[in-house]
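I opened the model to look up how the chain folds and how its parts pack. My notes follow in the order I made them.

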Amino acid sequence: MNSTNTADNESPLKFPCSFPIKVMGRHEGNFQALVVAMISDHFGDIPAESVRSRESSTGRFLAVTVTVTAESREQLDNVYRTLTASEQVLFVL
């Protein structure tokens, strides 16, 4: 289903679309599982093949990329708000 709200009409993205969300944080605890859980709240189950992670050269930080099928700009805005509100998340791209 393609949303027709104003934000979607102004977006260069055409929905639905495949969209990578990259989240960076300290490599401690289970940061990857935390990121996947927060994104799952907005997109449902995330298949393992849609998740990639990479440690920094020092091993102190972890970048987790989750590729989702975005249905609207609003859905992406909501997940970005959730991620940036987390104290464990340092950056979201």
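I looked at contacts along the chain first, taking a contact as heavy atoms within 4.5 Å. Of the contacts in the protein chain with a separation of 6 or more, 72% are between residues 24 or more positions apart.

I noted the basis of these values: this is a predicted model, where local features need pLDDT of at least 70 and side-chain atom pairs count only at pLDDT 80 or more, while totals for chains, interfaces and linings use all residues. Residues are numbered from 1 along each chain as its sequence is written, and side-chain values use heavy atoms, with hydrogens and water left out.

Next I listed the elements, which are DSSP runs numbered from the N terminus (helices: H or I, at least four residues; strands: E, at least two). The protein chain has three helices and four strands, and from the N terminus on they run α-β-α-β-β-α-β.

I then checked burial, with buried meaning under 20% relative accessible area and exposed over 50% (1.4 Å probe, protein chains only). Of the 93 residues in the protein chain, 34% are buried.

For the sheet I counted two strands as paired if DSSP finds at least two bridges between them. The four strands form an open sheet in the order β2-β3-β1-β4, with antiparallel pairing. At the edges I found β2 (51–55) and β4 (89–92), each pairing on one side only. I recorded five bridges in the antiparallel pairing of β2 with β3 (residues 61–70). Arg52 stands opposite Thr65 in β3.

Which residues of α3 are buried? I found Gln75, Leu76, Val79 and Leu83. They lie on the same side of α3 because they cover an arc of only 95° around the axis, the arc being that of the directions from the helix axis to the C-beta atoms. On the other side of α3, I have Arg81, Thr84 and Ala85 as exposed. The cover over the buried residues of α3 includes β1, α2, β3 and β4.
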